[in-house]
Protein chains: 2
Amino acid sequence: MKLKDIGEFGFIKRIESDCLIREINVIRGIGDDCCVFKISGEMAILLTTDMLVEEVHFLLSAISPYELGRKSLAVNLSDIAAMGGTPKEAVISIAIPGTVDLTILDGVYQGMKSMAKEFSVNLLGGDTTSSPKHLVINIALVGEASEDEILCRSGARAGDVIFLTGQVGSSAAGLDLILKGREREGWEDLVEAHHNPHPHIKAGRIIAGMKIANALIDVSDGVAADLGHICTESKVGAILQEGMIPTTEKFRKYCEKFHEDSKHLSLHAGEDYVLLGTVGPESADHLRVALESGGCAFYQIGHVVAEPGLKLMTRNNSLENMAASGWDHFR
Amino acid sequence: MKLKDIGEFGFIKRIESDCLIREINVIRGIGDDCCVFKISGEMAILLTTDMLVEEVHFLLSAISPYELGRKSLAVNLSDIAAMGGTPKEAVISIAIPGTVDLTILDGVYQGMKSMAKEFSVNLLGGDTTSSPKHLVINIALVGEASEDEILCRSGARAGDVIFLTGQVGSSAAGLDLILKGREREGWEDLVEAHHNPHPHIKAGRIIAGMKIANALIDVSDGVAADLGHICTESKVGAILQEGMIPTTEKFRKYCEKFHEDSKHLSLHAGEDYVLLGTVGPESADHLRVALESGGCAFYQIGHVVAEPGLKLMTRNNSLENMAASGWDHFR
């Protein structure tokens with residue numbers, strides 16, 4: 001069966017099951033001009049949106065439709081995590097070229113629905129359109145947070161400890177392997193890190209709920225670039241310690257075997273979707289214990305300093321300037 | 001200056017002025033992982049999203065960048081209008097091919113900002129990415145409405161009067177002219193109707209506030225298709241009167257001069273972005289007076305009937321079946 005056999009409204013009928021994960025406070029779901037819901041007036045509303053474009057963000061020959069669906073929601077969930085919020089309601093826009101089969105689309109929506117269920121997010125509608133050549137998926141996600149818990153990029157202070165809630169570099173190594181056409185066998189963890197990232201909603205909630213962290217962002221552009229965003233918004237600088245950047249053994253083995261630049265992949269490439277934050281040094285241990293008790297991780301990787309700019313203390317203890325560079329869509 | 005000269009973050013800096021139209025209740029605008037705002041806990045939240053794809057929804061050779069920007073927000077505003085809501089906060093995703101010049105993008109954002117200002121909507125961020133070939137714009141728009149005022153597609157009842165808040169067909173005639181490469185001179189109104197539609201937010205608010213209408217939708221797919229959506233959701237049918245469908249003199253002249261099918265263009269082609277609703281016959285005059293006093297229009301065009309299906313009473317008083325057909329992206 002082809003998309004053109006069922007038409008736009010047949011397609012909408014086909015995807016609308018299992019989209020309502022949580023009925024409470026949903027007034028109108030799929031099937032009207034807008035979806036309608038309520039959020040407690042006590043809470044601030046978070047809104048984020050992310051677009052994935054074929055050949056820019058993914059290759060249909062490399063990622064499974066199911067993983068693509070999961071990832072398209074995961075990147076939005078990660079933005080809610082980075083503010084310390086709870087994700088709630090999503091709408092999906094999809095532009096579909098005639099070449100994309102209905103079974104691929106079924107897989108994409110199954111992936112989205114599995115991710116939605118995992119994080120108790122409703123899929124409440126969206127927009128479906130044709131596309132002349134490339135598959136494009138855009139999700140807009142609404143979340144909520146207590147106003148006094150929200151964590152912005154702009155709160156970092158000189159003296160703060162810089163931390164990560166997970167290991168970095170694996171996603172970039174997975175992408176590197178895919179783009180260089182290397183055999184996946186033995187490196188499945190790296191490809192998985194790239195195709196099926198796990199948004200750190202729980203870590204974000206723990207960090208926000210404790211009200212001791214000063215700044216938070218998710219690592220989408222890369223540690224250096226995202227730390228650069230925090231430093232720019234907070235008008236501070238930072239020193240990272242290369243030896244403390246957490247990576248997996250598989251990542252290190254990959255870089256060694258193929259002579260890839262582990263510093264570049266772990267610091268200047270993105271899509272790890274772990275959280276990067278800063279916390280006063282007196283509260284760092286308190287935060288570490290809370291995260292670890294909650295099954296999350298806390299890796300101290302450097303310090304915030306008053307002087308603008310990023311610096312890296314290398315493994316052989318030399319201090320070098322580090323560009324806040326990472327992924328840039330237009331350069 | 002090219003997009004690649006300023007990079008993704010230079011581009012974001014370039015567009016962020018004049019995005020905050022209304023500061024109240026905005027906690028965080030452009031420049032963080034999410035935008036953050038508040039809506040009174042008394043109000044229900046409306047969320048809608050619409051994607052415009054180059055070569056599907058627009059041709060850069062036919063529409064000005066400014067109009068494209070206005071239209072990309074207008075189609076979302078129209079969805080909020082169709083629920084009787086007030087638009088509030090928007091986020092914009094844009095996928096930009098290397099061939100699109102910075103001056104075009106400046107025009108697009110100027111258009112969005114002018115439309116945002118007209119309707120007091122904040123532009124609070126979004127996502128910018130490259131695109132391999134086509135320009136894609138997705139907007140997600142949050143609005144608010146009193147829960148007891150919200151107008152759905154599902155409330156139409158047999159006996160209801162069917163009404164429009166504006167004339168139809170001009171947008172389709174404008175598109176017809178563009179696609180057939182006809183000279184625009186003398187037909188600027190039609191092209192304008194297609195490129196610069198005016199969302200009926202005010203009419204939607206008047207209709208919702210009176211709490212007497214039973215169903216409401218905006219005419220994006222076409223009168224027949226959108227009335228079909230109301231009938232399907234409401235489990236009713238409808239009879240339209242061809243002689244009462246409001247069109248402009250310019251539209252009628254265009255169809256006459258070029259022998260175009262005015263019935264098809266006014267009933268089965270979309271993008272008029274007027275509102276189509278139903279109201280009990282006892283309340284129709286009351287609603288008409290309220291709309292007209294508010295500077296809006298009310299055109300009675302038919303009746304809701306209990307039997308499913310759409311019928312058209314033609315100009316020569318014969319009753320014929322009418323397909324609920326209009327634009328379908330996949331057929």
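What share of the 331 residues of chain A count as buried? The answer is 56%, where buried takes 20 or more other C-beta atoms within 10 Å of a residue's own, exposed takes 12 or fewer, partly exposed is in between, and C-beta atoms are placed from the backbone.

Some ground rules before clicking on. This is a predicted model, so local features need pLDDT of at least 70 and side-chain atom pairs count only at pLDDT 80 or more, while totals for chains, interfaces and linings use all residues. Residues are numbered from 1 along each chain as its sequence is written, with chains lettered from A and ligands numbered from 1 in the order in which they are written.

**Stop 1: select chain A.** You'll find 10 helices and 13 strands in chain A, counted as DSSP runs numbered from the N terminus (helices are H or I with at least four residues, strands are E with at least two). The radius of gyration of chain A is 20 Å, close to the 20 Å from the globule rule for 331 residues, so chain A is as compact as a globular protein of that length. That radius is taken over C-alpha atoms, and the rule is 2.2 Å times the number of residues to the power 0.38. Along the principal axes, the C-alpha atoms of chain A fill a box of roughly 65 × 50 × 35 Å. Of the contacts in chain A with a separation of 6 or more, 84% come from residues 24 or more positions apart; a contact here means C-beta atoms, placed from the backbone, within 7 Å.

**Stop 2: bring in chain B.** Rotate chain B by 180° with 0.0 Å of shift along the axis and it superposes on chain A with an RMSD of 0.0 Å. That's the relation of a two-fold axis. To find the axis, pick Gly41(B): of the residues of chain B, its C-alpha comes closest, at 1.6 Å.

**Stop 3: colour the interface.** The contact takes 65 residues from chain B and 65 residues from chain A. On the side of chain B that touches chain A, strand E3 (residues 43-53) of chain B gives the most, with 9 residues. That side of chain B splits into 29 nonpolar, 17 polar and 19 charged residues. Nonpolar means Ala, Val, Leu, Ile, Met, Phe, Trp, Tyr, Cys and Pro, charged means Asp, Glu, Lys and Arg, and the others, Gly among them, are polar.

Now show strand E3 (residues 43-53) of chain A with strand E2 (residues 35-37) of chain B: they run antiparallel, joined by 3 bridges. Strands pair if DSSP finds at least two bridges between them. Look for Ile45(A), which stands opposite Phe37(B) in E2(B).

**Stop 4: click Ser131(A).** It sits in strand E5 (residues 122-131) of chain A. Is Ser131(A) buried or exposed? It counts as buried because it has 25 C-beta neighbours inside 10 Å. Leaving out residues up to four places away in sequence, Ser131(A) touches Ala95(A), Ile96(A), Pro97(A), Val136(A), Val53(B) and Val56(B).

Stop 5: Most residues other than glycine have a negative phi. Glu55(B), in the loop between E3 and H2 of chain B, has a positive phi near 75°. Glu55(B) is partly exposed, with 14 other C-beta atoms within 10 Å. Next, select Tyr273(B), in the loop between helix H9 (262-267) and strand E10 (275-279) of chain B. Its phi is about 55°, also positive, but Tyr273(B) is buried, with 25 other C-beta atoms within 10 Å.

Notes:
Copies are superposed by least squares on the C-alpha atoms of residues with pLDDT of at least 70 in both. Two residues are in contact if their C-beta atoms, placed from the backbone, lie within 7 Å.
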